[in-house]
Amino acid sequence: MTSEPVISAKNLSLTFQTNDGPVHALKDVNLDIEKGDFVSFIGPSGCGKTTLLRVMADLEKPTAGEITVNGVSPEEARKARAYGYVFQHAGLYPWRTIGGNIRLPLEIMGVSKAEQDAAVKEVLELVHLDGFERKFPWQLSGGMQQRASIARALAFHADILLMDEPFGALDEIVRDHLNEQVLELWARTNKTIGFVTHSIPEAVYLSTKIVVMSPRPGRITDVIDSPLPKERPLEIRDTPEFIEIAHRVRDGLRAGHEDDA
Amino acid sequence: MIWVIAGLAIWAIGWWSNVLLSRRPKTRATGLAVPAIFGITLILIWECMVRGLEISPVLLPPPSMIAARFGVSTGILWEDFVQTVIKGALSGYILGCGAAFLIAVLIDRFPFLQRGLLPVGNFVAALPIIGMAPILVMWFGFDWQSKAAVVVVMVFFPMLVNTVQGLQATDHMQRDLMRTYAASYGQTLLKLRLPAAMPFIFNGLKIATTLALIGAIVAEFFGSPIKGMGFRISTSVGQLALDLVWAEIVVAAVVGSAFYGGVALLEKAVTFWHPSQRG
Amino acid sequence: MAGLWHRLGPIVTVVIAIFVLWYAGTLALNAPWAQDKAKRAGVELSFSELVADTMSQKKPKLPAPHQVGQEIWKTTGEMVVKGRAFSKRSLLFHSTVTLSSTLLGFALGTALGIALAVGIVYNRTMDMSVMPWVIASQTIPILAIAPMIIVVLNAVGISGLLPKAVISMYLSFFPVVVGMVKGLRSPDHMQLDQMKTWNATSGQEFWKLRLPSSMPYLFTSLKIAMAASLVGAIVGELPTGAVAGLGARLLAGSYYGQTIQIWSALITAAALAAALVGLIGLMQTVVLKRMGMVR
């Protein structure tokens, strides 16, 4: 790689002070994410995968080490609106229509009305929700709500998309469908994506790079570069290559658990 | 005796028809019909029992007599309505709720003030504030200004507590989302926290409607010009003109329900998105 | 220690601020009268004399906190010391009068409220016909007809405690009905279905599931009901010709412009409300802790 990494963490640590003593949510994390990467973070609960994503988004402050996003600190990146963030729950405002929800970040950023209209139309098409602009979130299914929340994160054309278990609350059939759509979206927009999940097939199917993490203290145990091609039909999950990577992820997760016990 | 039997019969018919209606699947029509039948049955039983048991109208006038009195006294009732409801209750309601809302938004910026005012506000909201009425009547005179002042004091704390709680009602995720947009304090307040607070704010506004009417009427017991619903009630009780008292009560009930209903309708329009309103 | 300050500090600050404002208000409101008096006497008041005067007037527009405190002590503690704790001038006497009708009305209201709530939860006809009227009954300013209830009940020979308690009851049953209906309906479908799989009778379902689940709701409503009941008792005392009770003290004070008396009755009523509501809060903590609903 010749270019600078989009996200770069060096010896990153984060310790929460709780009533039961300090909790090492992250310890000595080193990671580079290149432009256009699709990076999955996988691991059992408490391994710090969500915390790591939140540190990148400047929703948590690291207690030691360094991290840069687009070459600057996460705070500066946040203020420059460098990334879109998708939470586990859609969190759409019930008092706004789907269109109104997508418009929300644009209003805050002071984008003109005409540009707002154009952006809403564009991202609704990207997530295949055209025609639902005037519906209210509670009139939509859970999967559609989550697609709308992805559209909201895409609306302001940030180059980075951070997703924290976005499909964790959905059933598997909807989830497969959305996974396909996310890949299609990634291919069309060429964004850098950070994706937290606890599903091995999801991580392997989506990613170019899989970061395996383990708890107490939260740390990276393995980073796997996926040899799978960029074009991935759902059937790819039955190929030997896919199964081999899945095995390696599972081994990494198990190793993390063994030295925990 | 016939009246008593008629009353019992009406009771039986009313209850029986409601039992039948309530067994059927609930629709809008039965939802309205059942309480309506219940109410009408009560009034008819009242009429029959007062006539049948020959209760003195000084104690409990029959509904027909109250209706007749209402018909001939509309002038007085209107005058009292304007004095008590429009001048006293409504102006106090607007002032009190408005002030509480503004102060809630102001102290929202200062967690220190919030932590101090919320428990104190909760405490004061449970106190018999109505007792302030004689003091306020002394300060602001006998006319409607003192009634409005009583209403202001009564509605202020419930409204303040509800608004402050409402402004805290957003969850972490929603506030994190605003943070990822690098939204300013004002933007977060305007676009997220105020809309999210609306169900709480309307809860306060609804509680305040009843309090406003009570405050305006009771404050008149401590002194008023020779008009107003509270004045009319206390003097008519003294003259044993209970039919006029009941006519005033009907006005109060209708106004109270309409006031409450109006705020509830507004709430439905503003917080249509809230699960409790989607039905 | 830091945690305690974090919690209490702001409250203490606000309370101190209230006292400061109160004193400032005393000065501002009573000054015109003091100036007036001085002018008529032809003397010029220095600032310290002005302050001293505003804090010690006999019928001030706004009595200073310490004046009210002295009055309360004079009509409670001192009376006890003199052995006349329940004489007609004692606030203790008036408080007991108000307290007894408050408690009676509260007990009646709570009983009525729970009974109605059980009826509404278990009987569909009751639910559909009574519930809307329970809600509508509260939009009627009941306090407005308090005088009438008192007079009518007096006329049929019921006087004393009961008429006032009836008003308290009317005010306090509503929060109990609403809270208990919500509470008795708070078990979810799964819990109710589980009862069904055990073939529990509706009585068992009530005592073992619905009633325990409703406890947090019950206590919250009881606090509101108690506060409302006290208001009812005080207003109920207004039309009885100002004989006894805190409400009567308020009315008498307002007739004769005895502001210090009004304020001391008011503060006593507030203390009474706080004590009663606090007592229920204490019971709530103990009961819910025993039931394992709070830690």
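This is a predicted model: local features need pLDDT of at least 70, side-chain atom pairs count only at pLDDT 80 or more; totals for chains, interfaces and linings use all residues.
Buried area is the accessible area, taken with a 1.4 Å probe, that two parts lose on being put together, summed over both. On the residue side, 26 residues of chain A and 18 residues of chain B take part in the contact.

Charges show up here too. The count between chain A and chain B comes to 3 salt bridges. One pairing to look at is B:Lys191 with A:Glu107, whose side chains meet in a salt bridge at 2.7 Å, N to O. There are also 7 residue pairs in polar contact between chain A and chain B, both residues being at pLDDT 80 or more. As for where the chain A side comes from, helix H2 (74-79), strand S5 (83-86) and helix H3 (98-108) of chain A each supply at least two residues to the side that touches chain B. H3(A) gives the most, with 4 residues. Sorted by class, that side of chain A holds 15 nonpolar, 2 polar and 9 charged residues.

Now for the other neighbour of chain B. Of the 2 pairs of chains in contact, chains B and C share the most contacts. Chain C puts 51 residues into this contact and chain B puts in 50 residues. Together, chain C and chain B bury about 4300 Å², and 83% of that is on carbon and sulfur atoms. Several helices of chain C each give two or more residues to the side that touches chain B, namely H1 (2-41), H6 (124-139), H7 (146-155), H10 (202-237), H11 (246-256) and H12 (259-290). H6(C) gives the most to that side, with 10 residues. By class, the side of chain C that touches chain B has 38 nonpolar, 11 polar and 2 charged residues.

That leaves chains A and C. No contact joins them, and their closest C-alpha atoms lie 13 Å apart.

Next come the nonpolar cores. The largest one has 124 residues, and the members touching the most other members are B:Tyr93, B:Leu205, C:Leu143, C:Met148, C:Val177 and C:Trp263. Helix H9 (residues 185-219) of chain B gives the most to this core, with 14 residues. A second, separate core has 94 residues, including A:Leu126, A:Leu206, A:Ile210 and B:Trp273. Back in the largest core, C:Val177 is one of the members with the most partners. Leaving out residues up to four places away in sequence, C:Val177 touches C:Gly113, C:Leu116, C:Ala117, C:Ile120, C:Met131 and C:Val134.

A:Glu165 is found in the loop between strand S6 (160-164) and helix H6 (172-189) of chain A. A:Glu165 counts as buried because its relative accessibility is 11%, and the cut-off for buried is under 20%. What does the side chain of A:Glu165 join in a polar contact? The partner is the side chain of A:His198, at 3.2 Å. Setting aside neighbours within four places in sequence, A:Glu165 is in contact with A:Lys49, A:Gln88, A:Val196, A:Thr197 and A:His198.

Methods
Residues are numbered from 1 along each chain as its sequence is written. Chains are lettered from A and ligands numbered from 1 in the order in which they are written. Side-chain values use heavy atoms; hydrogens and water are left out. Contact means heavy atoms within 4.5 Å. Ala, Val, Leu, Ile, Met, Phe, Trp, Tyr, Cys and Pro count as nonpolar, Asp, Glu, Lys and Arg as charged, and the others, Gly among them, as polar. A nonpolar core is a set of buried Ala, Val, Leu, Ile, Met, Phe, Trp, Tyr and Cys residues joined through side-chain atoms within 4.5 Å. Buried means under 20% relative accessible area, exposed over 50%, partly exposed in between (1.4 Å probe, protein chains only). A salt bridge is a side-chain nitrogen of Lys or Arg within 4 Å of a carboxyl oxygen of Asp or Glu. A polar contact is a pair of N or O atoms within 3.5 Å; within protein, one must be able to donate a hydrogen and the other to accept it, and residues adjacent in sequence count only if both atoms are side-chain atoms.
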